[in-house]
Amino acid sequence: MVSVRAVSRQQRLTAASRTPRAQVRWQKVGHWLLPWLIPLGGLVLWWVAVTSGWIQPYQLPLPTTILRTFIDLVIHGELARHMQATLQRLAVGYILGAVFGVALGMLAGMSKTIRRAVDPTIQGVRAVPSLAWVPLFLLWFGIGERARVLLIALGVFLPVYFNTLAGVGGVDWRLVEVGYVYRLGRWKILRTILLPGALPGILTGLRSGLSLGWMFVVAAELLAASTGLGFLLVEGQSTMRPDRVIVALLLFAILGRFSDALLGAVEHALLQWRETVATAGQEEGS
């Protein structure tokens with residue numbers, strides 16, 4: 001049986017074959033340029049604002065100054081050291097928070113008793129701002145790496161847990177009943193019904209947890225860190241070097257976008273079986 005997606009794709013291919021090649025080429029160029037319009041426009045506005053005197057260079061340096069600072073940090077090896085420290089903290093904290101988030105979210109989704117026991121407390125923890133945990137983590141774990149990694153893990157854990165819980169709760173109960181009818185054990189029901197059904201929610205939680213993990217990295221690197229992009233931010237602020245601050249901010253944005261794109265590619269590969277508006281839109285744009 002031919003799927004709706006296959007028919008739609010065939011119609012688009014037929015229409016594309018009738019479109020002049022020059023028009024198709026310009027459509028591809030426009031599709032590639034579209035995500036760059038806002039960054040390039042912002043760069044032009046930035047340049048005009050500084051060169052015309054609307055903003056003073058000591059407040060917002062020219063893009064060329066930012067580029068020179070970036071090159072200088074690369075040449076002296078300072079940037080590689082800070083990036084390595086931040087990525088290492090994020091990786092360890094992310095894995096720790098994601099594993100506990102998925103595990104506890106699955107357990108709470110499967111058991112009303114566990115959900116009733118843990119969910120109210122976690123809901124309260126979610127309401128506490130990230131920076132509010134810094135003094136407590138300093139008192140509990142000192143100023144070493146353990147405090148920073150655990151703070152990042154806490155930030156990752158929350159969205160992963162809530163999205164996993166929602167994903168399990170969204171699985172059709174009739175599918176679970178079918179599993180019981182066929183006398184599947186709890187482990188097999190978890191592996192063959194609940195986990196695949198909750199996978200979209202879990203992957204959404206993992207992406208949200210990664211985003212929040214980048215935010216918690218900055219808070220974590222305020223814990224008396226001597227390396228990391230968060231430290232570079234604080235150092236630039238204390239030494240009145242906005243160029244270093246902007247370099248750190250841009251690197252956070254680039255690394256965050258790149259890591260989210262990688263996780264998005266994994267999500268797309270694991271959920272190819274779904275036919276959704278998002279996947280249809282991706283096919284149309286490709």
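How many helices and strands are there in the protein? The points below start from that question.

1. **Overall make-up.** This is a predicted model. The protein has 13 helices and zero strands. Of the 286 residues, 34% are buried.

2. **Contacts and surface.** Residues 24 or more positions apart account for 74% of them. The accessible surface is about 17,800 Å². Carbon and sulfur atoms hold 68% of that surface.

3. **The main core.** In soluble globular proteins, nonpolar side chains tend to be buried together. Here the largest nonpolar core has 46 residues. Leu 151, Leu 194, Leu 206 and Leu 229 touch the most other members. At least two residues of this core come from each of helix 3, helix 4, helix 5 (78–110), helix 7 (133–141), helix 8 (145–169), helix 10 (186–220), helix 11 and helix 12. Helix 10 gives the most, with 14 residues.

4. Beyond its neighbours within four places in sequence, Leu 194 is in contact with Met 106, Met 110, Val 168, Val 171, Val 176 and Ile 189. Another core, of seven residues, lies apart from the largest one. Its members include Ala 108, Ile 122, Leu 158 and Phe 162.

5. **The largest pocket.** Rolling a probe the size of a water molecule over the atoms shows where empty space is left. The largest pocket holds about 670 Å³ of space. Its lining counts 18 residues. Nearest its centre lie Trp 36, Pro 39, Leu 43, Leu 250 and Ile 254. Helix 2 (21–33), helix 3 (37–51), helix 4 (63–75) and helix 12 each give two or more residues to the lining. By class, the lining has 16 nonpolar residues, two polar and no charged ones.

6. **Glu 267.** Is Glu 267 buried or exposed? Glu 267 sits in helix 12. Its relative accessible area is 14%, under the 20% cut-off, so Glu 267 counts as buried. Setting aside neighbours within four places in sequence, Glu 267 is in contact with Leu 203, Thr 204 and Arg 207.

7. **Met 240.** This residue is in the loop between helix 11 (229–238) and helix 12 (242–270). Most residues other than glycine have a negative phi. Met 240 is not a glycine, yet its phi is positive, about 60 degrees. Met 240 counts as exposed because its relative accessibility is 68%, over the 50% cut-off.

Methods. Residues are numbered from 1 along each chain as its sequence is written. This is a predicted model: local features need pLDDT of at least 70, side-chain atom pairs count only at pLDDT 80 or more; totals for chains, interfaces and linings use all residues. Side-chain values use heavy atoms; hydrogens and water are left out. Helices (H or I, at least four residues) and strands (E, at least two) are DSSP runs, numbered from the N terminus. Buried means under 20% relative accessible area, exposed over 50%, partly exposed in between (1.4 Å probe, protein chains only). Contact means heavy atoms within 4.5 Å. Accessible areas come from the Shrake-Rupley method with a 1.4 Å probe; for residues, only the protein chains shown count as cover. On a 1 Å grid over the protein atoms alone, a cavity is a set of points where a 1.4 Å probe fits but cannot get out, and a pocket is an open set with protein on both sides within 12 Å along at least five of seven lines; lining residues have an atom within 4 Å of a point. Grid points are joined across faces, edges and corners, and a volume is the space filled by probe spheres set on the points. Ala, Val, Leu, Ile, Met, Phe, Trp, Tyr, Cys and Pro count as nonpolar, Asp, Glu, Lys and Arg as charged, and the others, Gly among them, as polar. A nonpolar core is a set of buried Ala, Val, Leu, Ile, Met, Phe, Trp, Tyr and Cys residues joined through side-chain atoms within 4.5 Å.
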